[in-house]
Amino acid sequence: MRSAKIVSAFALVLLSFVFIVPFIHAAAPVVYVIPVKAEVERGLQAFLERGFEEAEDAEAEAIILEIDTPGGFVNAADGIARLMNKTEIETLAFINPDALSAGAFLALNSDEIYMHPNGRMGAAQIIDQAGNAAEAKANSAWLTSMENAARSSKRNPVYALAMADASIALPELQAGDGKLLTLNATEAEEVGYSEGTVSSVDELLALKNYDNAQLVSVSETFSEKLARFLTSPFVVPILLSIAFLGLILELFTPGVGIPGIIGLSSLLLFFYGHLVAGLAGYEAVVLLVIGFGLLATEFFVPGGIIGFLGLAAIFGSILLAGGDFQTTSIAILIALIVASAGMVILLKFFGKRLHLFNRIILMDATDTESGYVSNVNRTELIGQVAETMTALRPSGTIKFNDERIDAVSEGRFVNPGKSVKIIKVEGSRIVVREIDQEGEE
């Protein structure tokens, strides 16, 4: 009897394992959805790095990149592509609706591509900051990157090249003869640049058999949104221009006032954005503090060298914080030009109100309206007759009513003792003409 109970209990435990273990192994997979919105820049790269790190920590099955971007900057796109290629998690690009320029490059670096019915992908020619086609060297490197991205995902690279090179003719897709390739959802699926067309993330999950997946949406924090704005290559020159102009204006006015506060705030916003975006380390902030310290020392220990080192430290800290040397250098150059133009305007219209300018530039003018006269203009001498005391060659001395006067002839030589008539007075310049014996000029 006891043995029968033991057997029954053992059977019950065994059955429990049979029914429970499958449910344990059938735990819902984790899928992360990370938006790739707006411009592709370094702030977006920092946001994606956080999202990928969270997905890896959660042992996610897949990462869906919901792409809607007009493109962006090559350096940021390269960094994001390396991030995508490094992870072991499956990456799915959902183009909803646009993956243009750098966005197309990112899509090609994913494991699979899916498009919204209204989706577009392509138009990936590299351009410079002036909006013109980039130089041959940069364009060649970008074409190679596009080709490699297509080959790595086992896609025909000719379409990727046609997206970046308008000279590649694909008449069936209306590309070539100066027109870049841009694929719609149907065309992308036909040429193997899309695994399917879906209208939403939910449809994509169903298509990939992730219906029961635990969906985790990664969104930008306020700090990350602010950092993306502050690190934009279009905003950075504005911040630095305001910073330089405000600090220079404060330098030439007494006390700590509004210009200095505005300038310093702009500079701090620049560093804050780059710190939050992960582009700058605290070493850049330390170098900035050292630079301002050296500039402050220059006021007490004049000589110029310490001040120059301070300026070098400040510019070095900005370059260090910017992450990309070329882009940051251009931003600094633009800011210096704007600040210089601002100084010229301030000097012209507000020079007398600026404290330090009065120490290095003479602002006072001695004009006639203020009662200043450089020389007495003796117009009453015009028409008077005088006698030359010295030869006029053509300058010399004449005598008028016992007064010695410096004068010049009209150009001819005049001997001493000759009668001359004063015909013109121009300030200190008195012009005379010789009179012959008959009294004729």
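**A chat about the model**

Trainee: Let's start with Ser266. Is Ser266 buried or exposed, and why?
Mentor: Ser266 counts as buried, because its relative accessibility is 7% and the cut-off for buried is under 20%. Keep in mind that this is a predicted model.

Trainee: Which helix is Ser266 in?
Mentor: Ser266 lies in helix H11.

Trainee: And what does Ser266 touch, if we skip residues up to four places away in sequence?
Mentor: Ser266 touches Leu239, Ile242 and Ala243.

Trainee: How far apart are Ser266 and Leu230?
Mentor: In sequence they are 36 residues apart, and in space their C-alpha atoms are 10.0 Å apart.

Trainee: New topic: cores. Which residues touch the most other members of the largest nonpolar core?
Mentor: That core has 56 residues, and the ones with the most contacts to other members are Leu48, Leu65, Met121, Met146, Met163, Leu181 and Tyr193. Apart from that core lies another one, of 20 residues, including Val236, Leu239, Phe244 and Ile314.

Trainee: Can we zoom in on Leu181? What does Leu181 touch?
Mentor: Not counting residues up to four places away in sequence, Leu181 touches Met121, Gly122, Ala123, Tyr159, Ala162, Met163, Leu170, Leu173 and Ala175.

Trainee: Why do nonpolar side chains end up together like that?
Mentor: As a general rule, nonpolar side chains tend to be buried together in soluble globular proteins.

Trainee: What about cavities? How many of 30 Å³ or more are there?
Mentor: The structure holds two. In the largest cavity there is about 160 Å³ of space, and in the second largest cavity about 30 Å³.

Trainee: Which residues lie nearest the centre of the largest cavity?
Mentor: Of the 14 lining residues, those are Arg42, Thr231, Pro233, Gly322 and Thr327. H14 gives the most to that lining, with three residues. Sorted by class, the lining of the largest cavity has five nonpolar, six polar and three charged residues.

Trainee: And what lines the second largest cavity?
Mentor: Ser409, Glu410, Arg412, Val414, Val432, Arg433 and Glu434 line it. Strand S13 (residues 429-434) supplies the largest share, three residues. The classes there are two nonpolar, one polar and four charged.

Trainee: Back to the start of the chain. Where is Glu41 found?
Mentor: Glu41 is in the loop between strand S1 (30-37) and helix H2 (42-57). Glu41 is buried, because its relative accessible area is 4%. Leaving aside neighbours within four places in sequence, Glu41 is in contact with Phe73, Ala76, Arg228, Thr231 and Pro233.

Trainee: How many residues of strand S3 are buried?
Mentor: Nine of the 11 residues in S3 (residues 90-100) are buried, so the strand is mostly covered. S3 runs parallel to strand S2 (residues 62-69), and seven bridges join the two.

Trainee: Then what is phi for Glu59?
Mentor: Near 55°, a positive value in a residue other than glycine. Glu59 lies in the loop between H2 and S2, and counts as exposed at 68% relative accessibility. Asp177 also has a positive phi, about 55°. Asp177 is in the loop between helix H6 (157-164) and strand S6 (182-184), and is exposed at 81% relative accessibility.

Note on methods: Residues numbered from 1 in each chain as written. Predicted model: local features only at pLDDT ≥ 70, side-chain atom pairs only at ≥ 80, totals over all residues. Heavy atoms only, no water. Core = buried A, V, L, I, M, F, W, Y, C linked by side-chain atoms within 4.5 Å. Buried < 20%, exposed > 50% of the residue type's maximum accessible area, 1.4 Å probe, protein only. Contact = heavy atoms within 4.5 Å. Helix = DSSP H or I, 4+ residues; strand = E, 2+ residues; numbered from the N terminus. 1 Å grid on protein atoms, 1.4 Å probe; cavity = no way out; pocket = protein on both sides within 12 Å on 5 of 7 lines; lining within 4 Å. Points joined across faces, edges and corners; volume = space filled by probe spheres on them. Nonpolar A, V, L, I, M, F, W, Y, C, P; charged D, E, K, R; others polar. Pairing = 2+ DSSP bridges.
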